[in-house]
Amino acid sequence: LGLEDYSGALESAFDAPDGFCGNVAIEKTAPDIAAVIASRKFKSPSRLGKNVLEICSLADCVFLGLHGADGEDGKIQAALELLGVPYTGSGPLGSGMARDKAVAKRIMGSCGVPTPRWSELQYSEADIPRLTGELPVPCAVKVVGGGSSIGVGLPETRGALEAALREILKYGKRILVEEKI
């Protein structure tokens, strides 16, 4: 949410006793970004909360402990670079390439790193019956730009493959299918 509830000078924000963390917990499910944005007092459509980039620009170095979209795909790193703010971790290009599973597979393959046989495809709801009959099972089905286990299915049967394809479609239309070895 950013610094919506902070009214002091941004330069003094680094002295906040709780570090603006309050009661933070790691959740088992991804947050509903639309709900987070809707809950903001200032109703900005930005995925970044109030004064986030401003406070980062005042820091000596930003420690990136980000997860998911915008955190792992290089967007935040690119914004910090545009501001000239030093940060920890990989840069925007490396982060973006690693986040895209198909790009990462191509790079690994070009370097001789063995991976399971895979294919990339784009599909819609209408394609699911055909794909359920064509794709190998068991397999791994992954949304190309997903993080961690979000948008991943490990179907062992055709029925499970159909269910996985329907579920994964919520996260994106471009997927990677790996044959199980």
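**View 1. Contacts of Met-108 in a predicted model.** Met-108 touches Val-113 and Thr-115, leaving aside residues up to four places away in sequence; contact means heavy atoms within 4.5 Å. Met-108 is found in helix H5, residues 101-110. Helices (H or I, at least four residues) and strands (E, at least two) are DSSP runs, numbered from the N terminus. With a relative accessible area of 31%, Met-108 is partly exposed; the term lies between buried (under 20% relative accessible area) and exposed (over 50%), computed with a 1.4 Å probe on protein chains only. Between Met-108 and Leu-169 there are 26 Å in space, C-alpha to C-alpha, and the two are 61 residues apart in sequence.

This is a predicted model, in which local features need pLDDT of at least 70 and side-chain atom pairs count only at pLDDT 80 or more, while totals for chains, interfaces and linings use all residues. Residues are numbered from 1 along each chain as its sequence is written, and side-chain values use heavy atoms, with hydrogens and water left out.

**View 2. Strand S4 and its partners.** Strand S4 (residues 174-179) runs antiparallel to strand S1 (residues 118-122), joined by five bridges; two strands pair if DSSP finds at least two bridges between them. In this pairing, Gln-122 stands opposite Arg-174. S4 also pairs with strand S2 (residues 139-143), in the antiparallel sense and over five bridges. Here Val-143 faces Ile-175 of S4 as its opposite residue.

View 3. The peptide bond from Val-137 to Pro-138 is cis, with omega near 0 degrees. Pro-138 lies in the loop between helix H6 (128-134) and S2.
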